[in-house]
Amino acid sequence: MNLLDPNMLLRAYAVGVFPMADSRDADEVFWVEPKMRAVLPLDGFQLSRSLAKTLKSDRFRVTRDTAFGEVVSACAEAQPDRPDTWINPAIESAYGELHRRQHAHSIECWQDGKLVGGLYGVQLGRAFFGESMFSRVSNASKVALAHLVARMKTGGFALLDCQFMTDHLASLGAIEISKDDYTSLLDAALSSVGLSGTGSTGSAAGAGLAALERLFPDDADEDGALSGYVISQALGQTS
């Protein structure tokens, strides 16, 4: 099995490369550098009226870094529209180690005490590299992404890398850019930042993603859960 070293992973992200496997059962991983890259401009997130209504209803309880392994496992599960996955055991293990080193983070959506949606990715400097998301009920992954974008806007991030464009991401404001344009954005997001993750977003311990909790300490609980109203405000919706 091709084991992934966490330090090698961070170096790969720093130059715009990420790993994938051919299938869940594949022993090997390969490195990917798309010619066209999907990114989601933080000021371009499309908060529709229906999504804003869902957020403010607090239908979901949304937390940060409370169930990272469960989120990755859920993203690796086969779905009706996706019978296989690129997340093999080597990738799952490597990102678990990145999480233990506080470089990988998750956003979780809960309903009636059950994990029903979420996403995970890697933080390096002022960049967040979204790896995968899942949804077991309607709108759960959209709510998770809204919470991530709100946290990134408040935490001083500069780049949300979505890797490959999908209709789902496009509906939320993602755009596709060339590799050269992506490299310029990545370099800016990582300027004056070492692989330790230090920089304007704080340490690799998710300080940037926790900025919203520090801004509204009375609204956040011990798991970082914030109300949908706070998230809507952070996204720039004033009503």
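The buried residues of H7 pack against H1, strand S3 (36-39), S6, S7, strand S8 (159-163) and strand S9 (175-178), where contact means heavy atoms within 4.5 Å and buried means under 20% relative accessible area with a 1.4 Å probe, protein chains only. The model is predicted, so local features need pLDDT of at least 70 and side-chain atom pairs count only at pLDDT 80 or more, while totals for chains, interfaces and linings use all residues. Residues are numbered from 1 along each chain as its sequence is written, and side-chain values use heavy atoms, with hydrogens and water left out.

**Overall make-up**
- The protein has nine helices and nine strands, taken as DSSP runs numbered from the N terminus (helices H or I, at least four residues; strands E, at least two).
- Buried residues account for 51% of the 239 residues.
- Of the contacts between residues at least 6 apart in sequence, 72% join residues at least 24 apart.

**Helix H7**
- The 12 residues of H7 should span 16 Å at 1.5 Å a residue, which agrees with the 16 Å between its end C-alpha atoms; the expected span is 1.5 Å times one less than the number of residues.
- Tyr182, Leu186, Ala189 and Leu190 are the buried residues of H7.
- Seen down the axis of H7, these buried residues fall within an arc of 85°, so they line one face of the helix; the arc is that of the directions from the helix axis to the C-beta atoms.

**Nonpolar cores**
- A nonpolar core is a set of buried Ala, Val, Leu, Ile, Met, Phe, Trp, Tyr and Cys residues joined through side-chain atoms within 4.5 Å; in the largest one, with 39 residues, Ile87, Ile91, Tyr95, Tyr120 and Phe129 touch the most other members.
- The elements that give two or more residues to this core include helix H3 (68-75), helix H4 (89-100) and helix H7 (179-190), and H3 gives the most, with five residues.
- A second, separate core of 34 residues includes Ala144, Met152, Leu209 and Val230.

**Strand S5 and its partners**
- Seven of the eight residues of S5 are buried, so this strand is largely enclosed by the rest of the structure.
- Strand S4 (residues 61-64) runs antiparallel to S5 and is joined to it by four bridges, with Arg61 having Trp110 in S5 as its bridge partner; two strands pair if DSSP finds at least two bridges between them.
- S5 and S6 also run antiparallel, joined by eight bridges, and they form a hairpin with two residues between them, where Asp112 in the turn has a positive phi of about 55°.

Technical notes: Buried < 20%, exposed > 50% of the residue type's maximum accessible area, 1.4 Å probe, protein only.
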